[in-house]
Amino acid sequence: MSVEEIMTRSKLLHMNAGNGECSYASSSTLQREVIQQAKPVLEDAIKKVFNNIGEFPKCFNMADLGCSSGPNTLYTVLNIIKIVQMLCHDKRCKMTEFQAYLNDLPDNDFNTIFKTIPSFYKNLKQADDGANCFVSGVPGSFYERLFPSKSLHLVHSSYSLHWLSKAPENIENNNNIYITRTSPPPVFEGYMKQFEKDFSRFLQLRSEEIVTGGLMLLTFIGRSIPDPYGNDTAHLDLLSKSLIDLIHEGLIEQAELDSFDYPFYAPYKDEVETIVQTEGSFYLDTIKLFQVNWEERDNDDDVCFDAYSSGKHVARTMRAVLEQMLVGHFQLGDSVVDSLFERYAYHLACHLLVQKGKFFNIAISLRKK
Ligand code: SAH
């Protein structure tokens with residue numbers, strides 16, 4: 001990826017900044033739920049490393065890749081420190097120094113995280129009075145080198161690796177924003193190949209930065225079935241539908257929709273396993289598959305939650321993630337963005353009246369060979 005490509009990518013792909021109603025910071029409880037559900041995998045993985053480790057490092061170096069601008073990243077850092085300290089306690093030792101690197105693309109609103117550092121330190125003091133954690137921001141793409149060789153003990157990344165370095169090329173005839181049943185076969189192939197290329201590169205780069213025996217915990221959206229045309233990305237079909245509504249109203253052009261390819265891929269677990277094995281730098285210790293409802297507050301599988309309010313809630317979550325990208329591509333003004341997400345809320349609600357919407361997730365723990 002050239003510097004220009006990273007800058008363009010960063011301009012288009014960044015979550016809504018600040019703390020306002022549509023910001024990522026106020027609309028990322030879904031992503032928090034995902035982190036919660038992956039926590040047992042993280043705990044087990046850290047335990048395993050600590051049981052195998054001969055000498056404890058003086059300073060424990062961790063990185064959160066794709067940290068965004070919300071509270072989830074420092075929440076994760078605190079979780080990791082607590083887990084490590086618990087294990088140290090069991091082994092009658094004490095780790096007092098932690099280094100946490102928070103990475104995202106350069107246009108990410110790092111300042112919103114940095115402003116919460118005082119309260120993070122307060123929470124850390126409550127959890128462990130003697131521990132110091134030094135926090136730094138690392139702007140750059142995780143599809144490039146980010147850290148010195150063999151400098152990290154743990155890499156964490158949640159809900160970031162489904163973002164590709166770019167949309168696949170040569171898929172001009174796709175009549176949709178992602179893979180759907182009506183997409184010509186090269187579309188699926190193009191997306192799959194781009195993920196394979198990106199994920200292999202990610203593994204190879206991290207293998208240079210992580211110490212032998214070091215750990216990665218990666219969680220991302222995936223598919224529940226090998227068939228790429230299933231229901232796992234229904235939320236994207238509904239986004240397409242909302243964009244088509246705007247075409248019918250003359251607010252955007254068909255050609256703009258035709259040229260928009262969502263730079264995302266939801267892999268099936270076998271694809272992930274094959275890439276890890278082929279790349280060869282890591283042992284794949286654990287793979288956990290789990291679902292969260294689009295409406296993460298809805299834990300009930302049988303009864304319909306309030307579909308209308310859920311539709312609005314899910315649209316808000318998605319808006320915090322997608323707004324900048326859609327505004328950048330379609331050159332949308334404020335009022336058009338509002339109507340796009342109103343339509344999206346409506347289509348989501350109609351879907352939720354008939355069936356639950358779910359994100360299918362893959363969490364893997366990897367150990368550096
Ligand atoms: N981990 C956070 C944020 C998830 S949102 C949480 O769980 O709440 C996904 C984040 O990944 C976004 O902030 C996006 O900018 C970042 N991202 C996507 N591609 C990236 C890349 N190539 N390099 C670094 N960050 C990236």
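**Aromatic residues and their labels**

Reply: In this predicted model, W294 has a relative accessibility of 2% and therefore counts as buried, since buried means under 20%.

Me: What makes F359 buried or exposed?

Reply: The relative accessible area of F359 is 3%. The limit for buried is under 20%, so F359 is buried.

Me: Why is the aromatic pair of W294 and F359 called tilted?

Reply: The ring centres of W294 and F359 lie 6.4 Å apart, and a pair requires centres within 6.5 Å. The angle between the planes is 50 degrees; stacked needs under 30 degrees and edge-to-face over 60, so the rest count as tilted.

Me: Which parts does this pair tie together?

Reply: W294 belongs to the loop between β6 (282–293) and α10 (307–330), while F359 belongs to strand β7 (residues 358–368). The pair therefore ties together parts that are 65 residues apart in sequence.

Me: How many aromatic pairs does the structure hold?

Reply: There are 19 aromatic pairs. One of them joins Y178 and Y191, with 4.9 Å centre to centre and 70 degrees between the planes. Because edge-to-face applies over 60 degrees, this pair is edge-to-face.

Me: How do you know that the charged end of R32 sits over the ring of Y75?

Reply: The charged end of R32 is 3.8 Å from the centre of the Y75 ring. The distance limit is within 6 Å, and R32 is listed as sitting over that ring.

How values were computed
Residues are numbered from 1 along each chain as its sequence is written. This is a predicted model: local features need pLDDT of at least 70, side-chain atom pairs count only at pLDDT 80 or more; totals for chains, interfaces and linings use all residues. Side-chain values use heavy atoms; hydrogens and water are left out. Rings of Phe, Tyr and Trp (its six-membered ring) pair if their centres lie within 6.5 Å; planes under 30 degrees apart count as stacked, over 60 as edge-to-face and the rest as tilted. Helices (H or I, at least four residues) and strands (E, at least two) are DSSP runs, numbered from the N terminus. Buried means under 20% relative accessible area, exposed over 50%, partly exposed in between (1.4 Å probe, protein chains only). A charge sits over a ring if NZ of Lys or CZ of Arg is within 6 Å of the ring centre and within 35 degrees of the ring normal.
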